[in-house]
Amino acid sequence: MPRTSKICSKTFASDHLLNLSYSVLHEPYRSGKSLHGAPLRVIHSIPFNAIRLFPAGLPGLPVRSGGKNSFTLSHFSSLISYRLRFDAILSPYNILPLFVHFVIIEHALIEGGIVSDYFYLNDLKQRKLFINEDIEMATIDEIVKHILQYNSNDVGLEAAKRDPILLYVTSNGGEVDAGFELIDVILNSKTPVYTINLGYWYSMGFLIGIAGHKRYASQHSKYLMHDGANFVYNSGAKAQDQMQFNRRVEEKVKQYILSRSSITSEEYDSKLRVEWYMFSDEAKAKGFIDHIIGVDCDIDEII
């Protein structure tokens, strides 16, 4: 299903603008694909000298706007309003207003979402990518583009000298077609992609997780390997054609799993028609992961 963006607007009536002390925060908002930005502006701040610590204002952060099947929105305004009733205390020293102003800005940043945008950009800079929802084209689209971009940035570097991409996966599974697009990109990436399980790899999430060049997991992470689900609705002949192709897909999945683990073909066949759940110790014994955090590696390796 296409993603749609949220449109948020928080404003006060005009009489409030005349009578209240407030800060207006134009904050970035991700709703599409092009990059824009808007700086922090402070209006009627108390006192004005408190803002001198930010002579150029806070830098405008990149945002994504537009994009297919989404509304275009370059930024929205979040208005934080406070009525200050201690002017007599403020006037002699101008100390408390500075603190109050910091509180206003901090609150605006957190409530408005700029903090999450900052962490999002910082994660991209550190090559950290996250999948924490069902697998579909809308989920993996950005992940694929980022992996390709990192490879483009690393052209000319030996694989050993490239900073790895950290892909954190927690997913119940999803579409096979979308999942294998990402799997093929990971397998063909010259820049190492490390997959990390801090929660659970189920179904298609499991297949993506085992694609990593190195695979990490916490001690109590969970896994599910099974034959998935199929739904066929068509004429009799066409339904048979589709089922025949699905058997070919199942064989591809089998060969892929065997290539990414230490299990035998016989063991795979014995587990295919059951829900095979496991924890990290069994997953490592079967060759589905390489390291268990806190057991044979340190958390510093995946942050």
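Strands here are DSSP runs of E, at least two residues, and helices are runs of H or I, at least four residues, both numbered from the N terminus. Along that pairing, I131 stands opposite V169 in strand 7.

Before I go on, a word on what we're looking at. This is a predicted model, where local features need pLDDT of at least 70 and side-chain atom pairs count only at pLDDT 80 or more, while totals for chains, interfaces and linings use all residues. Residues are numbered from 1 along each chain as its sequence is written, and side-chain values use heavy atoms, with hydrogens and water left out.

How confident is the predictor? pLDDT is its confidence in each residue, from 0 to 100. The chain averages 74, and 61% of the residues score at least 70. Residues 1-98 stay under 50 throughout, and for that stretch the model has 168 contacts beyond four places in sequence. A contact, by the way, is heavy atoms within 4.5 Å.

Two strands count as paired if DSSP finds at least two bridges between them.

Now for the helices. Strand 6, helix 5 and strand 7 make a right-handed β-α-β unit. Right-handed means that, with the strands pointing away from you, the path from the first strand over the helix to the second runs clockwise.

Another pair to look at: helix 6 (176-188) packs with helix 8 (236-259) at an angle of about 35°, their axes 13 Å apart. V176, F180, I183 and L187 of helix 6 make the contact with V249, V253 and Y256 of helix 8.

There's a second open sheet, with three strands in the order 9-11-12 and mixed pairing. Strand 9 and strand 12 (276-279) are its edges, each pairing on one side only. From one strand to the next, the twist averages 15°. Strand 11 (222-225) and strand 12 run antiparallel, joined by four bridges, and M225 stands opposite W276 in strand 12.

Last stop: where is S203 found? S203 is in the loop between strand 9 (200-202) and helix 7 (204-209). Leaving out residues up to four places away in sequence, S203 touches N172, G173, L224 and H226. S203 and W276 are 73 residues apart along the chain, yet their C-alpha atoms are separated by 9.8 Å.

Notes
Axes fitted to C-alpha atoms, helices over the stretch in contact; angles between N-to-C directions. pLDDT = per-residue confidence, 0-100.
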